Amino acid sequence: GADTTELRLRLERAALNAFKVDEAASILETIRESNPEMGEPFAAQWFLLSGDLARRRSDHDTARRCFEEALPLLRNVGDLLGEASGVHSLGDLSLQRSDHEGAQQRLEQAVALFQNAGSVLGEANCVHGLGCLAFQRSDHEDAQRRFAQALSIYRTVGSVIGEASCIKSLGDIALRRSDHNAARQHYEQALPMFRRSGDALGEAGCIKCLGDIALHRSDHHVAQQRYEQALAMFRTCGDLFGQAYCIRDLGEIALRRSDHDAARELFEQAILLHRKVGDLLGEANCIRGLGEIALQRSDYEGALRCLAQALPLYRRVGDVLGEANCIQSLGDIALHGSDHEVARQHYELALSLHRTVGDVLGEANCVQSLGDIARLRFAHDLARQRYEQALPLYRKVGDLLGQGNCILSLGELALRRSDSDTARQCFQQALAYYERIPQPYSIGQAHRQLADLATTDDDRSHHLRLARDAWASIGRDDLIAQLPAAPA
């Protein structure tokens, strides 16, 4: 009867909220089989819940169909709140697929419906969604305003999960702007709130973001632990979206360690998941990662092909940071081809984009690359200014690799001035940074430089052996072949 159906629908919602996806699916199937011609009110709720279930399983096409099936039924029975929920869910799906116009249209429509229905909580959810949309578009000021607005509403109505979601989102803005201390405070504040509320997805998201901070600060061990912990939770919840990002981040760690085979495998695995859930931004990030592997292996044609695929995806979804990173990589390719003027143009364009979105790490990378161009053009004073400008930016975000690279380059400038003592000190200091990461490719480069400055045959042999060992650990036989023979 109707009472039994209503009870089962409530049980399904409870199971779904407890992340018992299989149990929720079983209840919905039982309802459908026992009520093949259920009335419009129950049918509408059944489609809404089926959509939520499909979304939890990252089956976005099925979810969209279910919500679209529910909407006319909800309108027919005059369920304004249910209609608002369905429209809001469609907006969230558009947002996950980086369909910004569709997301904005749906979310603004849902805001009006929730207001008419008198649902302050629903209105807050839409405002938070519009903040996420602004964040994806790199409009941090608007995003911060909307998150603060939603946070105030959530606190008024006592929604702990909503409050935690806004606090985490504020952490995302701080992380994007390289304010790691503020980001960590936000994530560590939100994490126990999600945990107390039994929101496993929110908890996993915070853990992943704490891994992002560790990765930005070159603490690869902690980052890997965080990503693997979050990945296990996303798998338990059946969330493909979260799984894809964790796998991609593990690929980024492998890339920074110059483990190219592992990085490629992880990026390709993540691409499949991103495509399955229709996430263009995640797909673009992975394709750019494959391009970075090609670039590090001097496969410039392969790198260009990847960047040519990724750049229009970033522009399509309005991701300014991704666009800046792609343009910066195009500068790297031009620099390797000794086309200094084209490289400079790319770096200066990327630099302005990085500054637009407040990305300190990207800004530092571009300034350092402009220093590399000046050094190659023998404008040593300008090069030194650029490296000394980039160093404090790298220190601000705790990027050990960037600091090491700047110091190594300052050592090369000292060597060109025939100041061997300063050069040796710089190379040793850079090596210490590389060993802390650890970064085998750069460790080999530092030892190669120190070998050239060695004052004894034993010292030279020692550094050449360590350079060879570092590059052998990542399969760089091409670099090993370029090493001079050790003294007899």
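Which residues in helix 11 meet which residues in helix 12? Before we look, keep in mind that this is a predicted model.

**A pair of helices**

From helix 11, the residues taking part are Ala200, Leu201, Glu203, Ala204, Gly205, Ile207, Lys208, Leu210, Gly211, Asp212, Ala214 and Leu215. Their partners in helix 12 are His220, Val222, Ala223, Arg226, Tyr227, Gln229, Ala230, Met233, Phe234 and Cys237. Sorted by class, this contact has 14 nonpolar, four polar and four charged residues.

How do the two helices lie relative to each other, parallel or antiparallel? Their axes come within 8 Å and cross at roughly 160°. Angles over 145 degrees count as roughly antiparallel, so helix 11 and helix 12 are roughly antiparallel to each other. Their crossing is left-handed.

**Helices to find in the structure**

| Helix | Residues |
|---|---|
| Helix 6 | residues 100-117 |
| Helix 11 | residues 200-216 |
| Helix 12 | residues 220-237 |
| Helix 19 | residues 360-376 |

**A covered helix**

Helix 19 has 17 residues and reaches 25 Å from its first C-alpha to its last, close to the expected 24 Å. Is this helix mostly covered or mostly open? Helix 19 is mostly covered, with 15 of its 17 residues buried. Just after helix 19 comes Phe378, which takes a positive phi of about 65°.

Finally, visit Gln115, which lies in helix 6. Gln115 counts as partly exposed because its relative accessibility is 44%. Gln115 and Leu175 are 60 residues apart in sequence, and their C-alpha atoms are 33 Å apart in space.

Notes:
Residues are numbered from 1 along each chain as its sequence is written. This is a predicted model: local features need pLDDT of at least 70, side-chain atom pairs count only at pLDDT 80 or more; totals for chains, interfaces and linings use all residues. Side-chain values use heavy atoms; hydrogens and water are left out. Helices (H or I, at least four residues) and strands (E, at least two) are DSSP runs, numbered from the N terminus. The expected span of a helix is 1.5 Å times one less than its number of residues. Buried means under 20% relative accessible area, exposed over 50%, partly exposed in between (1.4 Å probe, protein chains only). Axes are lines fitted to C-alpha atoms, for helices over the stretch in contact, and angles run from 0 to 180 degrees between N-to-C directions. Angles under 35 degrees count as roughly parallel, over 145 as roughly antiparallel, 65 to 115 as roughly perpendicular and the rest as oblique. A crossing is left-handed if the near helix is turned anticlockwise from the far one by less than a right angle, and right-handed if clockwise. Contact means heavy atoms within 4.5 Å. Ala, Val, Leu, Ile, Met, Phe, Trp, Tyr, Cys and Pro count as nonpolar, Asp, Glu, Lys and Arg as charged, and the others, Gly among them, as polar.
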